[in-house]
Amino acid sequence: MIRFRLERRIDPPRYLSWAVPVASVVLALVASGLLLLAFGANPIDTFAAMWDGAFGDIFGGEVYSASETLVRATPLMLTGLAVAVAFKMKFWNIGAEGQLVMGGIAASAVALFLPDAAPWVPQTLVVYGLIMGGAAILAGALWALIPALLKAYLNVSEIIVTLMLNYIAILWYSQLFTTSWKDPEGLGFPGSALFPEFTWLPRFSNTRVNVALLIGLVAAVGVWVLFAKTRAGYEIRLLGDNPEAARFAGVSVFRNILLVMLISGGLAGLAGMGEVAGISHKLQQGLSANNGFTAIIVAWVAKLQPGAIVLVSILLAAVFVGGDQIQMTMGLPASVAQVVQGVMLFFVLGGDIFSQYRIRVSRERVGVVA
Amino acid sequence: MSLDLISSILGIAVFAGTSLTYATIGEAITERSGILNLGVEGMMIMGAVTGFAAAFHTGSLMIGVLAAMGIGALLALLHAFVTITLRADQIVSGLAITLVGTGLASFLGERLGPDHGALVGLQGPRFRDAVIPGLSSLPVVGEALFAQDLVVYSMYLFIPLVWFYIYRTSPGQQLRAMGESPATVEAMGIPVLRYRYIYTMVGGALAGLGGAHLSLAYTPGWSENLTGGRGWIAVALVIFASWRPARAFAGALLFGGVNAVQFRLQASGTTISANLLNMAPYIMTILVLVLVSSASSLRSRLGAPAALGVPYSREERT
């Protein structure tokens, strides 16, 4: 009888750290192709249409779809970084969605009400951008502080609390744009009034790609510096890898939970500001677009590495934009995108074993237990 | 409050709490074996969509229920393979199940109707209330407990059965031990990994059944986001119930009750907006967890299986 045994690799070769995730993503595409086939859709046509929708006209002189991929990647980048910071400490922040929404609400509050409330504040993009950004970071961080405090003081499961706070934030936000902040001149359509133009984040040429993308890239560098160069980053990593050793070394779990969640919530909040000030210019349906959940896939597929998060968020954004495309041209539901992404997460998750273990195949007599 | 009102709220509480009860008890069984499964939401919603689709096309409620349980078990098998055999992180794998489940469910909802069309808006078979003569004329509780559907009645039998299994049989005793000290159980000659596979799949099947009760009885039909986070509430209820079946039912009743009160308020034309009312179950989940956690902040005192979430391998025994 042939037996498979797992042997822990003492010193995994370096190439495995990228080869395994890349192979996993490729296999995931094959597997989702089979899944599509099972439901009567031609996988090759589907993927071709998705590719076309996501990058297709990049060589055709027009940049529309490729730029939309970057637009979609922007919030994923920020929320991906947000959850990666928390996951590094094995603090399971599943609440980036709610933190993003709270950031979006706070930035909108500034854009909608500050010009009237404080006319003496210079109405320029730099000043307003800073205030909106600050408000969004603060709102996201405070929303994230709730599970952090509950975990630190009472040991309440952060997974459940962050999740429940998502639902609450989303409901509150739809309350705002359908009632309290609804534009009376909006002809009855739900949505706030349009923000004044000086609060709009500048866009690149005639695309919807805006400054928020740069904020995402800067944040990626910031998170890299945090983990690679600072003491706080070192403590967070230590707490994630070996909590016992970290406690023994005098690292404060309490302080680091709060720190991690403030950073995490702040980054997610910024993503919300990017969406309202860079894209919609008002509060309306669609701010919460599952970015917080997709962020989990982004962070995990990228192995929590900031540089890889930038790349993976573009990859997953392409899957989304491609998904919209196949809905329009092939009549397939756009949720195909979500399925492909979920399958990808599974393969990366399962593939991990190949970087940690060596598989030994041996012939053994039946009945002998290793 | 009049007795009629109490009776009506209790009735809706039981009705609304049924899906939660099955999912919660299923998750409690899985967790007792040492596997944390955060894919409940994904399994429930997949159970809801496949259950409805199967019942719609075959006209048989039984086939719908079986399909829902089967798909739940299948997703659980995936979770078991990834976490038990491949030793991947249980939390992330569970999240992945939920992500795949919700994505696949909305994909299937658009494809599984007649001629590859949508299921949304279709009317299919549904569980009808079967009034039990005699019992249903009991004061206050009669209407509420005994004018319900079959899935609800099965729950009344299911809860004591699970209790009996866990506390009064030897496989049940092994199940309890498995989550505490898998190495000890293994030393007794019991294949822990195989049982973890089985209990994870049982949990998945029950989550699927919970989903089927939603699409075949509670809100008959299919619509996107049908479960609305109930799978997550079930995960929270396991902690509230300290992994015990009867307390799981009590917790589900409590949540069903919140649901009922919310319905009542909306129906009576309250001025509180629907959005704010809909927040109630989520706020309550947090409050319940805070209360349970602060009452005894030690997880062990609550009865959490000590080996919960810890991958087990024979070679790396510690």
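Polar contacts are another matter, for the rule finds five residue pairs in polar contact across the interface of chain B and chain A, both residues at pLDDT 80 or more. A polar contact here is a pair of N or O atoms within 3.5 Å, where within protein one must be able to donate a hydrogen and the other to accept it, and where residues adjacent in sequence count only if both atoms are side-chain atoms.

This is a predicted model, in which local features need pLDDT of at least 70 and side-chain atom pairs count only at pLDDT 80 or more, while totals for chains, interfaces and linings use all residues. Residues are numbered from 1 along each chain as its sequence is written, chains are lettered from A and ligands numbered from 1 in the order in which they are written, and side-chain values use heavy atoms, with hydrogens and water left out.

Next, select the residues in contact (heavy atoms within 4.5 Å), which number 50 from chain B and 46 from chain A. The area buried between the two chains, that is, the accessible area (1.4 Å probe) that two parts lose on being put together, summed over both, is about 4200 Å², and carbon and sulfur atoms give 78% of that area.

Now move to chain A and select F113(A) and W181(A), whose ring centres are 5.2 Å apart with planes at 70°, so the pair is edge-to-face. Rings of Phe, Tyr and Trp (its six-membered ring) pair if their centres lie within 6.5 Å, and planes under 30 degrees apart count as stacked, over 60 as edge-to-face and the rest as tilted. This pair links distant parts of the chain, since F113(A) is in helix α4 (residues 96-117) and W181(A) is in the loop between α6 (158-180) and α7 (211-229), 68 residues apart; helices (H or I, at least four residues) and strands (E, at least two) are DSSP runs, numbered from the N terminus. F113(A) counts as partly exposed at 42% relative accessibility, whereas W181(A) counts as buried at 19%, where buried means under 20% relative accessible area, exposed over 50% and partly exposed in between (1.4 Å probe, protein chains only).

For a second pair, select Y128(A) and F198(A), with ring centres 4.9 Å apart and planes at 70°, so this pair is edge-to-face. Y128(A) is buried, with a relative accessible area of 0%, and F198(A) counts as buried at 19%. A separate selection of F87(A), W92(A) and W300(A) shows one aromatic cluster.

Then colour helix α8 (residues 231-241) of chain A, where G233(A), E235(A), I236(A), L238(A), L239(A) and G240(A) are buried. The N-terminal end of α8(A) is capped by T230(A), a side-chain oxygen of which lies 3.0 Å from the backbone nitrogen of G233(A).

Turn to chain B and select S19(B) in helix α1 (residues 3-32), a residue that counts as buried at 0% relative accessibility. Leaving aside neighbours within four places in sequence, S19(B) is in contact with M44(B), G210(B), H213(B), L214(B) and R230(B).

Finish with S242(B), in the loop between α10 and α11 (245-267) of chain B. S242(B) has a positive phi of about 40° although it is not a glycine, and it is buried, with a relative accessible area of 4%.
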